[in-house]
Amino acid sequence: MLEYLRNAADKPVAKILIGILAFSFVGWGVAEWIFGGVAGDTTLVSVGSNEITMQQFNLEKSRELSNMTREQQRELYSNAEAVQIFNDKILSNLTTQAMTENHAKKLGFFVTDARIASEIRAFPEFQLNGSFSTYLFDNVLANSGYTEAAFAEVLRNQILRSYVLGMISVPLKVPDFAFVAAYNARYKQRQIDYTTVKFSDFKVNEPTEEQLKEFYAQHPHVIPEQRTVSYVLISADMNKPDSYDEAYEQAIHVEDDIIAGETLQESANRNKAKYISLGTFDSENAPQDDIMTESMISRIFTMDEGLESEIIETDKGFVIVRVDKIIPSHNADFSSVKNNILSDWKHEEQRKQAYLRANELLIDLNKTGNLTGKKTVKVSRTDGAPTDVLTATFNSDLKTNSIVPGSNAFYVLHIEKEITPKPNSEKREDLNKELEKFSMEEIAEDYNNFLIREYPVKINKKVFDRFFDK
């Protein structure tokens with residue numbers, strides 16, 4: 001039976017069934033273990049007349065986990081924030097399903113037993129030699145812990161949800177006036193005149209020491225928070241249980257030695273582990289190290305100085321990290337950044353002179369209608385001129401004159417006229433698909449907001465907090 005499911009594992013329905021099987025091992029009895037005598041109340045949240053139980057949550061969680069690789073699962077459980085996001089996503093999906101099922105019942109939708117039987121018989125996973133197999137059906141359900149009635153209820157709710165959501169999944173025709181407006185706005189062109197005034201065209205003298213210090217006071221160079229970090233790595237093949245268990249036991253010994261007062265390096269040497277000193281770095285310039293993943297860096301920059309982390313599981317083995325020193329963010333010493341300041345000061349002085357020249361050109365343009373050194377071009381929203389000029393062109397009215405700032409130049413701009421785009425069948429088809437998709441997303445969002453108002457979510461706080469360790 002298991003071999004059959006492995007061979008069919010790429011099929012969507014098989015993934016659901018495998019998830020159910022996983023839950024039978026992972027989630028079975030969890031309620032009693034966590035809640036003891038109050039396991040009878042397993043409702044996490046109520047949605048209208050429906051309830052989402054912790055058994056449902058665990059089942060959906062097992063399905064999601066079964067679609068992840070082992071590495072993805074390890075990465076997930078090594079990051080508490082990622083686990084929270086993962087759990088929130090599952091609960092959100094279950095809540096949406098419950099709201100939809102509520103609305104299906106309110107609308108009077110009904111799924112007959114004959115329809116359910118037909119759906120079950122059509123499952124490839126329940127067929128043998130092209131025919132429905134009672135043996136396969138009974139075995140899959142028996143191994144999953146599902147009764148025939150419970151499995152039928154899962155299918156019934158899926159069909160009910162499809163009745164509700166089906167009406168908002170049909171593409172809507174975009175009104176002609178809206179399509180024409182969008183097409184013209186995206187593909188129209190404008191004819192413009194513009195002149196470029198480069199900063200580099202202007203020469204400046206060398207600044208005095210006082211001028212540089214005054215400039216630095218207005219534009220300080222801030223050094224971000226830095227941390228000096230070291231860690232111990234207990235290497236292991238995390239895919240092999242024996243290697244995993246041996247390394248974990250060794251990691252516990254390392255941790256015990258550290259608690260007893262030994263340094264990370266002393267404990268590493270004693271237990272034949274690997275000690276690494278990473279030196280000092282900030283969060284944006286982490287050292288090239290296999291252990292220093294994005295989640296690990298985030299964890300390090302939340303730790304206190306002089307403290308070690310708990311044992312952290314990574315794909316290379318077990319790690320204990322220590323923040324040896326924290327250097328708060330601060331302004332760099334003037335002498336250490338003087339050369340950089342010199343370049344910045346010259347750039348700023350050139351910018352001032354370039355602006356004066358651009359302003360002279362603009363004044364002349366407004367008075368005479370002539371723009372010295374102009375370039376006349378037709379531009380779209382994406383090409384034909386520098387990006388800063390394109391942005392200003394389509395954010396301004398026709399016949400407008402202005403100065404457009406850039407990173408290394410000012411542009412004096414005149415917008416002459418607008419050019420209506422010619423029809424293009426390929427562009428029209430692509431835009432129409434995009435607008436249809438956008439309309440459907442907007443309708444789906446509005447419909448979801450309606451369901452939220454119609455069927456409010458109520459949290460069973462006592463059970464919810466204990467289940468999620470709040």
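How many bridges pair strand 1 with strand 2, and in which sense? Strand 1 (residues 43–47) and strand 2 are joined in the antiparallel sense, over four bridges. Here strands (E, at least two residues) and helices (H or I, at least four) are DSSP runs numbered from the N terminus, and two strands pair if DSSP finds at least two bridges between them. The model is a predicted one, so local features need pLDDT of at least 70 and side-chain atom pairs count only at pLDDT 80 or more, while totals for chains, interfaces and linings use all residues. Residues are numbered from 1 along each chain as its sequence is written, and side-chain values use heavy atoms, with hydrogens and water left out.

Within that pairing, Thr43 has Thr53 of strand 2 as its bridge partner, and Val45 has Ile52 of strand 2. The hairpin made by strand 1 and strand 2 has two residues between the strands, and Gly48 there takes a positive phi near 60°. Thr53 itself sits in strand 2. With a relative accessibility of 16%, Thr53 counts as buried; buried means under 20% relative accessible area, exposed means over 50%, and partly exposed lies in between (1.4 Å probe, protein chains only). Leaving aside residues up to four places away in sequence, Thr53 touches Thr42, Thr43 and Leu44, where contact means heavy atoms within 4.5 Å.

The two strands belong to an open sheet of three, in the order 2-1-15, with antiparallel pairing. Strand 2 (50–53) and strand 15 (457–459) are at the edges with a single partner strand each, so one side of each is left without a neighbour in the sheet. On average, neighbouring strands of this sheet are turned by 25° against each other, direction ignored. Angles run from 0 to 180 degrees between N-to-C directions, with axes taken as lines fitted to C-alpha atoms (for helices, over the stretch in contact).

Phe109 counts as partly exposed because its relative accessibility is 31%. Together with Leu107 and Met167, Phe109 forms a nonpolar surface patch of about 270 Å² of accessible area.

Another open sheet has four strands in the order 8-7-10-9, again with antiparallel pairing. Its edges are strand 8 (274–282) and strand 9 (312–314), each pairing on one side only. From one strand to the next, the twist averages 35°. Strand 7 (residues 226–235) and strand 8 run antiparallel and are joined by eight bridges; Leu233, for instance, has Lys274 of strand 8 as its bridge partner. Helix 12 (residues 241–259) lies across strand 7, strand 9 and strand 10 (317–327), at about 30° to strand 10.

Finally, there is helix 16 (residues 387–394), in which Val389, Leu390, Ala392, Thr393 and Phe394 are buried. The buried residues of helix 16 pack against strand 5 (189–198), strand 12 (375–379), strand 13 (401–405) and strand 14 (409–419).

Terms used: Patch = residues over 30% accessible without salt bridge, like charges linked within 9 Å, V, L, I, M, F, W, Y side chains within 5 Å. Areas by Shrake-Rupley, 256 points an atom, 1.4 Å probe, with all protein chains shown as cover. Salt bridge = Lys/Arg side-chain N within 4 Å of Asp/Glu carboxyl O.
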